[in-house]
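Me: Hi! I have a structure open here and I'm new to it. Can you walk me through it?

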Amino acid sequence: MDIDAPAAEEGPRAGGSTQAASTAARAAAGLIYRYRELALVVALTGAGAFVRLWRLTTLPYGFHSDEGDGVLDIQRILHEGWIGAYSWRELGYAIAVDYFAAPFVKVFGATVLGARLPVAVLGIAAVPLVYSVTRIAAGWRAAVCATVVLAFMLWHMHLSRVGFPMTGWPFTELGSLLLLQVGLQRQRWPWFVGAGLLIGVGTWVYNAAFLYAVAVAIYLVVWYVGRNFASVRAAISGAVRPRRLPVAPVRELLMLLILLGSTALAAAPIVRYAISSRQDYQSHFKSAYLFNQPQYKDAGLVEKVRVTANNAKRLFWSLTSTARPDGVDGLGSTQPVGALTMYAAIVGAAIALFRFRNPAFGIGLIVVALLMVSTAMTLDGQYRRSFGMAPFVAIFAGLALGTAWERADRYGGVLRVAGVGVVVAVLGVISYHNVSYYFRDYNNTSLERFVFYPEMREASAYLDAHGHPYVYMYSVRASLGLESRQVLAPHIAGGEDRSTQFNPSTYTLRYDLAPAPRPAFPATRQPDGAVFLFLESYVNDAEKVARLYPGGVMSEVTTPRLHEVDFRAYYLPADLLARYSLRDGVTIPVVRTP
């Protein structure tokens, strides 16, 4: 970095204490200058960490069922050890991140913090990685810009704050890319081993993450052929004497074979699963594939290309300038990337086209192209399926802004001040808009409340505070088996769904204590009370139970800012449960688990 070293202090010699203080100040200034770039990276990482950790358990407020799925699988890992590379939960997902998260759940328990903290750590780790990758590819100015963009990108920031496994995707991309950059420069096998292991693990971090491995393979084939084609052809044709056969192509081929072997080794668990359970593995892809839908079954190639192109445009504008709420991840109430970042990234991608041989740029361009097309051919959840683009959007935006900064530095004078000022202003606007929206406005959106379902989090906390009750649940949206309830209120004795939405069409609403013949969760122990839990449109039905069984405790939780009732619960403690059960001739059967 072209920062001037601190000048030596001049002037008359002062007293001993003053001289000692001056010496210490000079030493500190010299230390800062020497490690100025490291200090800059630490500062940027600290800023990225702050926006990923502050209010982590309350923003987003609630607990997504996908977070619950992850915790349930992590509990299996803690109990059983290796459970494979793929889980049938969430319609099927790759679970490499769950193994990383297991120690966090071990320490912090099956809690919101235990689910979200490991994902936040992966998101934070991506910040210095994007700096390092961009630093090697385009210099420190572009690296600073790319790091600021990623650190405060709403897309990356949000998915780093919820317990979804796909946040490991940018981490494995950037980590492997950094090692690959160094390996291609130094031609030392350990770097290729590390890069290959991260690429391989990345294939079972998230279902769509294997496309990054495809992009790396395409790039390396093009890179190797373009680099060595002429010399190899000359040697084969006899234009070069046998004793002067080129050594570099053979060495580079060996390094790439080491990379391939390491990738195959780390990807072996998911490959084995995909082969042995092919139908199960493919079912998720088939369910999300747009052209498996009835209206497109008979579509021809031209129609499929047209639909894919239109969807790709829609995805681009959704990321850039048009709010398109996504009920899967809670993104889209505003643009996850934003116009300033995206347009800077487009300029950077244009510059990267002329530097395609650089692995960060060449692989990035291929990844973006693959993910735009593949995501356009899927249904909902497109922000998570295209999330692998996020670090490359940041790199390309950083390249454009860093190039402008570098040009401004060359001009000097007023033009330098103006140019650097524009770059700083752009980064400031991007960062302020994303941070202020997320921490000030996002909590008040209907999208956050719908996706993260805070009512169920609060109701689960209520159930968990009441020992081991038998639960009668009335809800329009969720059954008692919702994963977030299973994680946050695991100690209920048993329970059943009483709403019409989760019962046969012939079912009639009931408010009595008599359990269903086949409840969703048969009691596994003697209940020490009973809870009638009412959510959504059923909240007013709590009074009917209170009239049937007087003497219990009525509770109500309300969201003050919305003036809405989150849930009502009517609790019968053990003595009242026994009395009314005897009166009505009701018995709650207990099924002992082995």
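Me: What share of the contacts in the protein with a separation of 6 or more comes from residues 24 or more positions apart?
Reply: Those residues account for 75% of such contacts, where a contact means heavy atoms within 4.5 Å. This is a predicted model: local features need pLDDT of at least 70, side-chain atom pairs count only at pLDDT 80 or more, and totals for chains, interfaces and linings use all residues. Residues are numbered from 1 along each chain as its sequence is written, and side-chain values use heavy atoms, with hydrogens and water left out.

Me: Thanks! How many helices and strands are there?
Reply: The protein has 23 helices and seven strands. These are DSSP runs numbered from the N terminus (helices are H or I, at least four residues; strands are E, at least two).

Me: And what box do the C-alpha atoms fill?
Reply: Roughly 100 × 80 × 45 Å, taken along the principal axes.

Me: How much of the protein is buried?
Reply: Of its 594 residues, 52% are buried. Buried means under 20% relative accessible area, exposed over 50%, and partly exposed in between (1.4 Å probe, protein chains only).

Me: Which residues have the most contacts inside the largest nonpolar core?
Reply: They are W155, W169, L180, Y212 and F396, in a core of 110 residues. Helix α17, residues 390-411, gives the most to this core, with eleven residues. A nonpolar core here is a set of buried Ala, Val, Leu, Ile, Met, Phe, Trp, Tyr and Cys residues joined through side-chain atoms within 4.5 Å.

Me: What does W155 touch?
Reply: Leaving out residues up to four places away in sequence, its contacts include L319, Y383, F387 and M389.

Me: New topic: why is helix α20 called largely enclosed?
Reply: Because nine of its eleven residues, in the stretch 454-464, are buried. Among them are P454, M456, R457, Y462 and L463.

Me: Where is Q187, and what is its phi?
Reply: Q187 is in the loop between α8 (168-186) and α9. It has a positive phi of about 55° although it is not a glycine, and it is buried at 14% relative accessible area.

Me: What span should α9 have?
Reply: Its 14 residues, 189-202, should span 20 Å at 1.5 Å a residue, and the end C-alpha atoms are 20 Å apart, which agrees. The expected span is 1.5 Å times one less than the number of residues. Buried residues in α9 include F192, A195 and I199.

Me: Is A268 partly exposed or buried?
Reply: A268 counts as partly exposed, at 21% relative accessibility. A268 is in helix α11, residues 248-276.

Me: What else is in α11, say Y273?
Reply: Y273 has its place in α11. Leaving aside neighbours within four places in sequence, Y273 is in contact with Y86, R278, D280 and Y281.

Me: Last one: which peptide bond is cis?
Reply: The bond from L59 to P60 is cis, with omega near 0°. P60 is in the loop between α2 (36-53) and α3 (65-80).
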